[in-house]
Amino acid sequence: MNNLAIGVFLTELRKYYKLTQEDLAAKLSVSRQAISRWETGQSLPDIETFMELSKLYGITINEIIDANLSAIKHKKEQITAIDCNNKKNICVIGCGRWGSFISWYLDKIGHNVTLYGRDSSLNMTELKKNRKNGYLELPESICLTTKLDNVVNSNIIIISIGAQHLQNLMDSLQEYNLKNKIIVLCMKGIEISSGRRLSQIVDDNLDLSNCTAVWLGPGHVEEFYNGIPNCMVIDSSDELVKNELVNIFSSKLIRFYYGMDIVGNEIGAAAKNIIGIAAGMLDALNRSTLKGALMSRAPREIAKLVKAMGGNELTAYGLCHLGDYEATLFSEHSHNRQFGENFILNKPYDKLAEGYYTVKAFINLGKNHGIDLPICKTVYNILYHQKDALSELDYLFGRSLKEEFL
């Protein structure tokens, strides 16, 4: 192996992805000096770090060792082509509130969109009847289908379904032997039975040639459809895919940020729905002023879990968790907040409130990682053990005295 050539190659890769030596060192959990030694050919990464570099840059270890700079040029040409002609064939799986909005949005910014729903889906039945639902109207340019095989001819597959049904969908996709697809998860939750993040479920089931990304962050369909802009996050362990998706999905309506921690972003996005339910409970009990305390304590609670699961605890203070609080804890459009309020008032609520299922998964995660999750426990006890809500919430906010940031 030519250490010097590999060093030059690693330098070009880092610069291509617009990373500083400090950025790369943080991603690989090594020192900046180690990065410098590799790039100057003084030493080489160990095999585990080679594997991390391979995953990060979307190339094989052999391509790194071969130090073929033309591979970088090829990738640059691909990105340029995307910028010049960004029309993609996209299949959206899931025709509920978010699935229909994503289809509308991606069609609006110029992509070829197919929206899939099951034959038995009431949402799809309504859309096929008049191309409308309770949130928006879909143009004729969007193809509506009940055949899942449309995924085969799609460059990008976006999934927006209930989190607990994702494994069943993966089972259904096995027959199509998908390869070289970008799978984007626009959904939030944790699988109760296994504690897996949603991107892990996809990676566990599809061919390694496919790349997984997440589309997360604040915003309500009702507001987006009325032209009110917001900021969201796209994250992926594949930097090239992340860059591509931000480039082709961005518009004046949605500004996308590059996520830097897929573990933390997925955990934070799932957890904010639990906090939304807690906020709705406070509203129902005339304890809305306690939302300030809820908003300050919840990110600290979730940050500890993120760190224990290998993510960056600061991610809990980003768009996918704390940044989504206004939309989830206060808005009339928030399903989770409304569910929490209705639950206390003993009113029926038939819309999906993902936090109801997610809190059960978080209780298991807290036990498995040895992390105390008092807010999650309180919501869980009220929902699943029929504990008195007022007593539980009063106890939560009146616990033993402690320093604020512990």
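# Close-up views of the predicted model

**View 1. Asn265 and its surroundings.** Asn265 touches Leu216, Val233, Asp235, Gly259, Met260, Thr315 and Cys320, leaving aside residues up to four places away in sequence; a contact here means heavy atoms within 4.5 Å. The residue sits in helix H13 (residues 262-284), where helices (H or I, at least four residues) and strands (E, at least two) are DSSP runs, numbered from the N terminus. Is Asn265 buried or exposed? Asn265 is buried, with a relative accessible area of 6%; buried means under 20% relative accessible area, exposed over 50%, and partly exposed in between (1.4 Å probe, protein chains only). This is a predicted model, so local features need pLDDT of at least 70 and side-chain atom pairs count only at pLDDT 80 or more, while totals for chains, interfaces and linings use all residues. Residues are numbered from 1 along each chain as its sequence is written, and side-chain values use heavy atoms, with hydrogens and water left out.

View 2. Look here for an open sheet of eight strands with mixed pairing, in the order E3-E2-E1-E4-E5-E6-E7-E8. Strand E3 (143-145) and strand E8 (254-258) stand at the edges with a single partner strand each, so one side of each has no neighbour in the sheet. From one strand to the next, the twist averages 25°. In general, strands of a sheet pair through backbone hydrogen bonds, in either a parallel or an antiparallel way. Two strands count as paired if DSSP finds at least two bridges between them.

**View 3. E6 and E7 side by side, with a helix on the sheet.** Strand E6 (residues 211-216) pairs with strand E7 (residues 230-236) in the antiparallel sense, over four bridges. In this pairing, Val214 stands opposite Asp235 in E7. Helix H7 (residues 97-108) packs on the sheet and touches strand E1 (89-93), strand E2 (112-116), strand E4 (156-159), E6, E7 and E8. The direction of H7 makes about 165° with that of E2. Helix H8 (residues 122-130) lies across E2 and E3, and runs at about 140° to E3. For these angles, axes are lines fitted to C-alpha atoms (for helices over the stretch in contact), and angles run from 0 to 180 degrees between N-to-C directions.

**View 4. Strand E4 and its partners.** Both faces of E4 are covered: Ile156 and Ile158 on one side, and Ile157 and Ile159 on the other, are all buried. E1 and E4 run parallel and are joined by four bridges, with Val92 opposite Ile158 in E4. E4 also pairs with strand E5 (residues 182-185), again over four bridges and in the parallel sense. Here Ile156 faces Ile182 in E5.

View 5. How many salt bridges does a search of the whole structure find? The search finds 19, each being a side-chain nitrogen of Lys or Arg within 4 Å of a carboxyl oxygen of Asp or Glu. One of them joins Glu39 to Arg14, with the closest N and O atoms 2.6 Å apart. This pair links distant parts of the chain, 25 residues apart: Glu39 in helix H3 (residues 32-39) and Arg14 in helix H1 (residues 3-16). Glu39 is buried at 10% relative accessibility, and Arg14 is buried at 9%. Asp235 forms a salt bridge with Lys242, at 3.7 Å between the closest N and O atoms. Asp235 is buried at 2% relative accessibility, and Lys242 at 1%. Arg337 and Asp283 form another salt bridge, at 2.9 Å between the closest N and O atoms. Arg337 lies in helix H16 (residues 335-344) and Asp283 in helix H13, so this pair ties together parts that are 54 residues apart in sequence. Finally, salt bridges with shared partners join Lys27, Asp235, Glu239 and Lys242 into one network.

**View 6. Aromatic rings in pairs.** The structure holds 15 aromatic pairs. One of them is Tyr356 with Tyr357, an edge-to-face pair at 5.2 Å centre to centre and 90° between the planes. Rings of Phe, Tyr and Trp (its six-membered ring) pair if their centres lie within 6.5 Å; planes under 30 degrees apart count as stacked, over 60 as edge-to-face and the rest as tilted. Tyr356 is partly exposed, at 25% relative accessible area, and Tyr357 is partly exposed at 35%. Elsewhere, ring pairs link Trp98, Phe101, Trp104, Tyr105, Trp215, Phe224, Tyr225, Phe249 and Phe256 into a cluster.
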